[in-house]
Amino acid sequence: MDDEYSKFVRRMNPPRVVIDNDTCEDATVIQVDSVNKHGILLDVVQVLAEVNLIITKAYISSDGVWFMDVFNVIDQNGKKIRDRDIINYIQMRLESNASFVPSMRDSVGVMPSEEHTSIELSGTDRPGLLSEMCAVLADLHCNVVNAEIWTHNARAAAVVHVTDDSTGCAIKDLNRLTTIKELLCNVLRGNSELKAAKMTLATPGVTNRDRRLHQLMFADRDYEKVERAELQRIEDKGSRPHVTALDCSQKDYTVVTMRSKDRPKLLFDIICTLTDMQYVVFHGMVNTGRMEAYQEFYIRHVDGLPISSEAERERVVQCLEAAIERRASEGLELQLCTDDRVGLLSDITRIFRENSLCIKRAEISTKGGKAIDTFYVTDVTGNTVDPKIIDSVRRQIGQTILQVRRNSSPPPKAPQGTTMGYLFGNLFKARSFQNFKLIRSYS
């Protein structure tokens with residue numbers, strides 16, 4: 001009865017979205033008001049991430065039965081959102097009564113859809129892994145049309161869309177799907193007997209691809225520290241995110257603060273992880289500078305209780321650090337743009353492997369017969385690649401086909417300590433709250 005009543009309240013009070021390009025000088029302001037429900041913050045942030053908007057500031061409040069968010073957003077060129085199609089899309093998605101993000105799935109694997117076959121995998125990372133996976137798919141006459149691959153803490157996860165190279169459609173033969181599954185699991189397993197590769201049947205398209213990658217890595221416990229010798233190189237501690245989780249006993253919250261290098265989809269990655277860990281953000285703020293992002297959230301578990309043990313606190317900190325690091329653009333960014341063909345990705349990743357390049361992250365896409373792929377690469381030790389090797393790789397692939405985009409930006413300075421602030425009635429530090437004079441006018 002309670003669930004039916006909640007649905008009735010939502011139907012009577014549909015979400016309201018206001019998109020304002022006049023109030024703020026350098027950003028579009030998006031305000032969302034809605035009846036509160038678990039996961040609604042992720043719903044909103046995911047829609048903004050889908051259209052590649054950058055959130056420069058945000059103010060979050062969801063006490064009681066009502067939810068109110070205000071976001072300052074810009075496009076990837078640093079401009080306000082003027083595209084009417086994007087504005088209409090945001091309003092259509094956010095003002096719908098339907099849930100924007102379907103529920104989490106527990107399984108990963110292979111299952112055909114009408115247009116392509118969706119493959120989800122996770123296993124132990126190692127140099128050359130993507131090359132071996134692509135070689136297997138090419139040998140099985142599978143054409144990779146879209147893919148995203150993440151690596152973190154010696155673990156790897158991928159969501160790959162493939163078609164039959166003879167028909168250009170999804171692969172529906174169950175025997176062939178079984179063969180693909182067995183061979184890819186063998187590649188992922190490698191010589192490691194500690195953790196098995198994962199790949200089972202699953203319904204495609206149920207969950208946002210980026211969220212699935214977070215779920216795959218989380219299920220594989222990539223947030224646990226790895227003590228393998230090859231990972232024990234000296235790192236600039238300033239490049240690591242700084243996460244704290246402290247008690248706010250007078251308000252019965254846990255206060256989570258994060259400082260890290262700013263990047264696209266950072267807020268989505270954090271909210272995605274908190275939501276899948278069954279935490280609710282009641283209040284919060286986001287503030288970004290030229291290089292650094294500061295985020296502060298007041299959270300409770302879905303059962304209404306704050307974090308109650310040191311072990312739980314440590315796990316939340318580790319998981320949020322992992323969520324921030326998974327998508328970090330580690331290494332040299334290379335972009336490939338050329339006519340698509342069967343086996344292209346296999347050939348490109350083989351050349352990378354033969355030149356001792358390690359792919360830390362990759363985004364693979366095809367559009368209009370063109371392959372547009374982005375790779376983030378290091379050497380096998382995780383350090384910067386010798387420019388002579390990059391020159392050699394570009395000569396083999398084609399100077400105009402493979403372009404060097406950029407190296408990772410210098411890390412921000414390490415935080416000089418944690419400042420505890422307060423959001424309502426002494427909740428956020430004063431200097432941060434001053435940045436929200438604009439937003440406060442909406443509340």
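A crossing of two helices counts as right-handed if the near helix is turned clockwise from the far one by less than a right angle, and left-handed if anticlockwise. Keep that in mind for the first stop on this tour of a predicted model.

**Stop 1: a helix pair.** Select helix H4 (residues 129–139) and helix H5 (residues 174–189), which pack with their axes 10 Å apart at an angle of about 160 degrees. Angles over 145 degrees count as roughly antiparallel, so H4 is roughly antiparallel to H5. Check the hand while you're here: the crossing of H4 and H5 is right-handed. Now show side chains. From H4, pick Leu129, Glu132, Met133, Val136 and Leu137; they meet Ile180, Leu183, Leu184, Val187 and Leu188 of H5.

**Stop 2: Ser346.** Jump to helix H9 (residues 344–354), where you'll find Ser346. Is Ser346 buried or exposed? Its relative accessible area is 12%, and the cut-off for buried is under 20%, so Ser346 counts as buried. Leaving aside residues up to four places away in sequence, Ser346 touches Cys134, Ala135 and Ala138.

**Stop 3: the sheet.** Switch to cartoon and pick out the open sheet of 8 strands, ordered E1-E2-E4-E3-E11-E12-E10-E9 with antiparallel pairing. At the edges sit strand E1 (16–20) and strand E9 (242–248), each pairing on one side only. Look along the sheet for the twist, which averages 20 degrees from one strand to the next.

Zoom in on strand E3 (residues 54–61) and strand E4 (residues 66–74): 7 bridges join them in the antiparallel sense. Click Ala58 and then its bridge partner in E4, Phe71.

**Stop 4: the cores.** In soluble globular proteins, nonpolar side chains tend to be buried together. Which residues have the most contacts inside the largest nonpolar core? Select Phe71 and Phe297: those are the two, in a core of 49 residues. H2 gives the most to this core, with 8 residues. Apart from it lies another core, of 43 residues; Ala147, Ile180, Leu334 and Leu357 are among them. You've already met Ile180, on the H5 side of the H4 contacts.

Notes. Residues numbered from 1 in each chain as written. Predicted model: local features only at pLDDT ≥ 70, side-chain atom pairs only at ≥ 80, totals over all residues. Heavy atoms only, no water. Helix = DSSP H or I, 4+ residues; strand = E, 2+ residues; numbered from the N terminus. Buried < 20%, exposed > 50% of the residue type's maximum accessible area, 1.4 Å probe, protein only. Contact = heavy atoms within 4.5 Å. Pairing = 2+ DSSP bridges. Axes fitted to C-alpha atoms, helices over the stretch in contact; angles between N-to-C directions. Core = buried A, V, L, I, M, F, W, Y, C linked by side-chain atoms within 4.5 Å. Parallel < 35°, antiparallel > 145°, perpendicular 65-115°, else oblique.
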